[in-house]
Amino acid sequence: MTDTTVDYHDMWRELGLDLPAHDMLLTAIPQLYQAAYLTQEGRPEGMAYFDFVMSEIHGLRIKELVDHKAAGGTVIGTFCLYVPEEIIRALGGQCVGLCAGAEWAYDEAERLLPRNTCALIKSATGFKLGKVCPYAESADLVVGETTCDGKKKAYELLGELAPVYVMELPQMKRPDDKALWRAEIDRLVAKLEEVSGRTLDADALKTATREVNDKRRALQRLNATRAARPAPISGKDALLAVQVAFYDDVPRFTGMVNRIADELEQRVSGGAGVAPADAPRVLVTGTPMAIPYWKTHDIIEKAGAVVVGEELCTGSRYYEKLVDESPDTVDGMLDAIAEKYLDINCACFTPNAGRVDDVLRLARDLDVDGIVHASLQFCGPYQIEATLVERAAKEAGYPVLRIDTDYSAEDVAQLGTRVEAFLEMLQ
Amino acid sequence: MANDVLTVLGLDIGSRTVDAVWLRSGAGSGETADGRPLLKGSPAGAVDGGAVIDSAVLDSGFDPQEAAARLVARGAQDIVVATGYGRRAAAERFGAAVITEIKAYALGAGQLCPEARAVLDMGGQDTKAIALASDGGVDDFEMNDRCAAGTGRFLEVMAAALGLDIDTLGRAALRADGAAQVSSMCTVFAESEVVGLLHRGESRERVALGLHEAIARRTVAMLKRVGARGPLLFAGGVARNPAMRRLVEEGYDGSVLVVAEPQLVGAHGAALHGLTGGRGRARGGRA
C-alpha cells in the first residue's frame, strides 16, 4: 500500500521539528499501537486503512498538508469539537486536531504550567514546546475556545509560540448565550477570511457542510453496528476511527469508514463478532481521548469486556448531531452551524442535563451491562459532573465505575484490578 | 466432579506476603490447620463449603512468584486459583484461574463471616472498601489508585521511622495519652513529618496514634463512599494492628469483625471460587 522507505526528514526539518526528539516519538507510538491494536483478533479487514494511516500519521498526511498549503490552502489547528470544520473547509482550509494524548516534554510544559494541570493541556503544550507535532508546526492558525479555565489560560501562553485565535464559548444555553455564540461564529469567519485571503461563499459552505455531515453519517453507520450482540468491532478500533477523523482528509476518510461499515453490517447479519456474545458490554463516558491514548479501552477489553460506545468528544459527541443542510444563504447556513455546535453536551456547560440523557440513551440503545466514567485528573468539570452521571445511571440500573487517570502508565495495574473487579460485578 | 473430593489451593499473591489456603470439598470445619476457628467466637463446623486443610503465609520477597511456586509444590491440590497482584503471572506459570482481590475478599467474607455486609481489606500496598449486596456479591467497591498512603507498607515505613517493629506499632499507639497531629499521607512526606515531630519532642506513642488516626479517617471515609452499612469484616494484614482495629471501630457506624487470620481471607475466597465451580473459568483475567 505504501513505500515505507520514503524519508520525511527533510520535510520535518523544514517544518522546524526537533528531529532527534521526533524520531524518538516515532519509535514510541508504533510500539504502543502494536501492543494495543495489532494484538487484537478478528479485526475488520477495513481497519487495515487505519493501520496505514497510523503508520503515516506524521508522514504522508503531513505531506498532503504541506502540498495543500503550497497550492494556496491553509491548515487550521484545533483542540476542541466546538470549532466548526465546515467554515474552515469552505475557506480552503484543512482542519486538524493538534497532538496530545501522551506524556511528552512534560519537563518543558511544567516550566509554564502547574503540575496539577490536566494531561490534555499539559501534553498539547509539551508537544508544541518540544517541537514534535507536525500538525501544530504546519498550522497557519490555532483556533482555541473557552471550554475550560485551564485551556483558556494555556492559550495565552501558547499564543507566545504560535498564532492563536480564541473563540468565546458561552457556558450556558440561554437565548443571550446563543446570540453571543452566533456572533462568535461571524468573528471566526472574519478571522479565517483574513488568514486565508478568501471570502466565504454559499456554494463552498454548502459543499463543506455536506462533506462534514457525510463524515459524521459514516461514523454514525459504523457505530450503529455496535448495538449488535456480539459486537462486530472492538471499542478500541471504533475509538481509533473517531480519533483519526480529526486529522484525515474528509472525503477519503468518509469513503473508508463507509466501507468498514459495509463490512460490519455484513458481520452483524452473519452473527459474527470480535468478542463472545456473553462478553460484558461497556459504555465509556468522560473526557476526550486523543491519539495515542488507548489505555482505558485497552484495559477494559483485555479484561474480557467489549466497549460498545463512547460518549466522548472522541465518540458520539463528535458525530451524533448533524448541521441542517436546508438553508441556502451564508447567514442561514451559519445559523445552522451555530445551532449544531452549541448543542454539543460538554461538561463545561451548566446545567448540562443533556449529557446525562445522552449517556442513558446510549446505554439503553447499545444494551450495555455497565458504564465506565473516565476523567482526566484535574478536569474539574468532568470529575464533578461524574457524580450526576453516576447517580442517574445507577438509578436506571447501570453499574458505574469511575476512573480518574492521565496519560501515564503508572496506574495500569491498579486500574486493571478495578476494571476486572467491576466486570466480575456485572456477571 | 460433583461427588469427588476436590482440593483447591487459593493463593493471594500480594506485594508483601503470599498467602495460601487449601480447601477440600465436603463438610466444612471453619478451622485453621491447627484447629483454631477462623472466625473468633464461631464454633468449629459453622462454615460450609469446604474444610481448611492447610494454610501458609510467606514473605513475597523480591520474587513473589517463587514464593508462590513453593506453596504450589507443597500441596496436593487439584486446582489453583490466584488473586492479588501476582495473579496473572500465576495464571501463566501454574495454570491458575484468576479472580480479583475484590471478589476474593467478598467470597471469603461470605463464608468466614456470613453476617458481614461490608469488607475492609488493608493490605501491603492497597486498601479496599467493599459494600456487599444482599446475595453476598459485590455491590460497590473502591481502592486506592496509585499510592500506598494508609496501607501496610505505609505503616512499615512509619514504624521504621519511629524505631519500632511493625507488630509493636499499634500497641505503642494504644499507650498514647493523646495524638500528635500528622497531616501528610504521602509515605515520603509523612516520614519527614514524623522525624520532625520527634525532634520537637513528641513521644513515639503520640506520633504513632496520630498516624493511625489519620489513616483511619481516610479509611472510614472510603467505606462511606461505597455506601458500606451493617457489620464490617476487617481483613488483610493491617487488621492485626490493635490500634487500627479500635479506630476503625470508633469511626465506623456498625460492628467491626475480625477473623483469627485476617490476611488469609483473600486466599480463602480464591480457594472457595475454585470449589464452587470456578474451575477453568478465568473470565475477567488476561490468562
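Is A:Asp367 buried, exposed or partly exposed, and how many other C-beta atoms lie within 10 Å? A:Asp367 is partly exposed, because 15 other C-beta atoms lie within 10 Å, between the 12 of an exposed residue and the 20 of a buried one. This is a predicted model. The points below cover backbone geometry in chain A and the domains of chain B.

**Positive phi in chain A**

- Most residues other than glycine have a negative phi.
- A:Asp367 has a positive phi, near 55°, and is not glycine.
- A:Asp367 sits in the loop between helix 17 (353-365) and strand 7 (370-376) of chain A.
- A:Ala105 is not glycine either, and its phi is positive, near 50°.
- The loop that holds A:Ala105 runs between strand 2 (93-97) and helix 6 (106-112) of chain A.
- A:Ala105 counts as buried because it has 22 C-beta neighbours inside 10 Å.

**Cis peptide bonds in chain A**

- Most peptide bonds are trans.
- The bond joining A:Arg229 and A:Pro230 is cis, with omega about 5°.
- A:Pro230 belongs to the loop between helix 11 (202-224) and helix 12 (235-245) of chain A.
- A:Ile291 and A:Pro292 are also joined by a cis peptide bond, with omega about 5°.
- A:Pro292 is placed in the loop between strand 5 (281-286) and helix 14 (295-302) of chain A.

**Domains of chain B**

- Four residues from domain 1 of chain B and four residues from domain 2 of chain B make up the contact.
- On the domain 1 side of chain B, the residues touching domain 2 are one nonpolar, two polar and one charged.

Key:
Residues numbered from 1 in each chain as written. Chains lettered and ligands numbered in written order. Predicted model: local features only at pLDDT ≥ 70, side-chain atom pairs only at ≥ 80, totals over all residues. Contact = placed C-beta atoms within 7 Å. Nonpolar A, V, L, I, M, F, W, Y, C, P; charged D, E, K, R; others polar. Helix = DSSP H or I, 4+ residues; strand = E, 2+ residues; numbered from the N terminus.
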